[in-house]
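Good morning, and thank you for the time.

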Amino acid sequence: MSWIPAPVSRFFHRTSSPPHFYALADRFIPWLTVIFLLLLGAGLYGGLYLAPTDYQQGDSYRIIYIHVPAAWMSLFIYVMMAVMGGIALIWRMKLAEVMLISSAPIGAGFTFVALVTGSLWGKPMWGTWWVWDARLTSELILLFLYLGVISLYGAIEEKRAAARAVSILALVGVVNIPIIHYSVQWWNTLHQGPTVSKMDKPSIHVSMLVPLLLMAVAFKFYYLIAVLQAAKLELLKRETSSQWVKALLEKQA
Amino acid sequence: MSWESFLYMGGYALYVWPAYGVTALVLLGNLFWPVWQRRQLLRQLTIKQKRSQVR
C-alpha cells in the first residue's frame, strides 16, 4: 500500500499482529473498565435520580437512558461490522475478520435490549407491547441480520472462508441502517421522532440530556471492552497451534 | 426522596426496573461469556501441551 505513509502502515502491521494485539488488549482493558464504570455511575445517577420526572410520561420515560443508547449502539456496531467487512475483503486482514465476528453478539445484544426496553416503554405509553411500525420492524430485521452473521460464521468450517461470507453479508445488510434511522421521518407512525439529533435545538431539557449522553458514551466504552474480550478468545481459537499461543501458555504455567 | 419512592418510580416500577434488569443481564453476559470461554480454552490447551511434553 504505497500511498499510505510508512510509519502508519508499520503501526497497522504491528498492531494487527495477533500476539501484539492480544497484549495490547490486556493493557487497555483495565483503563477502559475504569472509564466505563465512572461514566455508567454518573449516567445512572443523573438519569434515575437527578433528572426530573417528565410532565407527560411520568417516570416511565427513564427507560430512555438505556433504550436510546442501546438503539444507537445497535446501529453503530453494525456500521463498524460493515467497515471491518470491507477491510477484510479488500486487504484480507485477519484482525478485521476477528473484530467483525467478535462484534456480532454484542450488536445483537444491544438490538435485543433496544427492542425489549422499547416494548417495556411502549406498553404503559402506547398501550401495546408491539406494533408493526416502520422503526420497530426495521430494528427487528437488524436483529435477524446480526443473528444471520453469527450463524453463517458458525456454519462454515473453514474460518477464513466463513469470514469472507460474513463480510459480504455485513456489507449487504448495511442498507438497513439508513432505513432504521430515517424510518420515523419517512413513515409517520407510532414511534416518536428524534429528540436529540436535532442538534440546533434538541427537544429535551439539559438535565435530562446530559445523563443520556453519559450513558451513550458509557455504552461505547462497554463495546470496546466487550469486543476486546471476544477478540482475544477468537484469536486464541484460530491460532491454537501458533508459536505465540505456546509462548503464552508457558508464561502462564 | 426515600428509597421507597425511588423504587416505586412514580408507579412505573414494573416497566422501568425490568428494562434495566434485562439490559444488565445482556451486557454482563456478553462481557463475561468470552472471558469464561477463554479460561476454559487456555486450561485445555495447557493440559494438551503438558501431555505432548511427557511423550
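Let us start where the two chains meet. In this predicted model, 33 residues of chain A are in contact with 24 residues of chain B. On the chain B side of that meeting, 16 residues are nonpolar, seven are polar and one is charged.

I turn now to chain A by itself. Its secondary structure consists of nine helices and zero strands. The C-alpha trace of chain A spans about 60 × 40 × 35 Å along its principal axes. Of the 253 residues in chain A, 37% are buried.

Helix 3 of chain A, residues 64-91, has 28 residues. From its first C-alpha to its last, helix 3 reaches 40 Å, close to the 40 Å expected at 1.5 Å a residue. Arg92(A) follows helix 3, with a positive phi near 55 degrees.

Helix 4 of chain A runs over residues 94-126. Its 33 residues should span 48 Å at 1.5 Å a residue, and the 46 Å between its end C-alpha atoms agrees with that.

Is helix 4 of chain A enclosed or exposed? Because 26 of its 33 residues are buried, helix 4 is largely enclosed by the rest of the structure. Just after helix 4 comes Gly127(A), where phi is positive, at about 85 degrees.

Note on methods:
Residues are numbered from 1 along each chain as its sequence is written. Chains are lettered from A and ligands numbered from 1 in the order in which they are written. This is a predicted model: local features need pLDDT of at least 70, side-chain atom pairs count only at pLDDT 80 or more; totals for chains, interfaces and linings use all residues. Two residues are in contact if their C-beta atoms, placed from the backbone, lie within 7 Å. Ala, Val, Leu, Ile, Met, Phe, Trp, Tyr, Cys and Pro count as nonpolar, Asp, Glu, Lys and Arg as charged, and the others, Gly among them, as polar. Helices (H or I, at least four residues) and strands (E, at least two) are DSSP runs, numbered from the N terminus. A residue is buried if 20 or more other C-beta atoms lie within 10 Å of its own, exposed if 12 or fewer, and partly exposed in between; C-beta atoms are placed from the backbone. The expected span of a helix is 1.5 Å times one less than its number of residues.
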